[in-house]
Amino acid sequence: MLSDEISAVRPVGGRYLCFPTPFWGEMEPRPMAPPAPLLAFGLPRKADSARLAPISRARLLERLLGCALSFGATAGEKRAVVDLATALAERVLAFDVYFSLNQDPWCLLDAIDPLPSTL
């Protein structure tokens, strides 16, 4: 996690990289983290116990489009966002990460063996 608000995902050099933005919930200045490779999406869900559940590419695309930002106004710019989200959904693993207050879900994420996120 690079930020608790927004992270930008971009194709760079044959893989996807996550770039942090300076937005934080507390609005306190923080040092910028360097970009990090995207290995998998973990989509948080509250539950009674911690576990991972793979999700389909179609469900990932639906979730990505639901939170994608586009500051462009033209149809071409909007289409580019849809195309990038579609490419991401086709190439990157995704999981619902179920968590509870009684269990730490981070160890589950460490166990993910991601596919290469090359373009």
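Predicted model: local features only at pLDDT ≥ 70, side-chain atom pairs only at ≥ 80, totals over all residues.

Biologist: In what order do the three strands of the open sheet come?

Modeller: The order is β4-β6-β5, with mixed pairing; strands here are DSSP runs of E with at least two residues, helices are runs of H or I with at least four, and both are numbered from the N terminus. Two strands pair if DSSP finds at least two bridges between them.

Biologist: Why is one side of β4 and of β5 left without a neighbour in the sheet?

Modeller: Both β4 and β5 (51-54) stand at the edges and have a single partner strand each, so one side of each lacks a neighbour there.

Biologist: How many bridges link β5 and β6?

Modeller: There are four, in the antiparallel sense, and Arg51 stands opposite Tyr98 in β6.

Biologist: New topic: is Asp96 buried or exposed?

Modeller: Asp96, which is found in strand β6, counts as buried because its relative accessibility is 4%, where buried means under 20% relative accessible area, exposed over 50% and partly exposed in between, using a 1.4 Å probe and protein chains only.

Biologist: Which residues does Asp96 touch?

Modeller: Leaving aside residues up to four places away in sequence, Asp96 touches several residues, including Leu43, Leu52 and Arg63, where contact means heavy atoms within 4.5 Å.

Conventions
Residues numbered from 1 in each chain as written. Heavy atoms only, no water.
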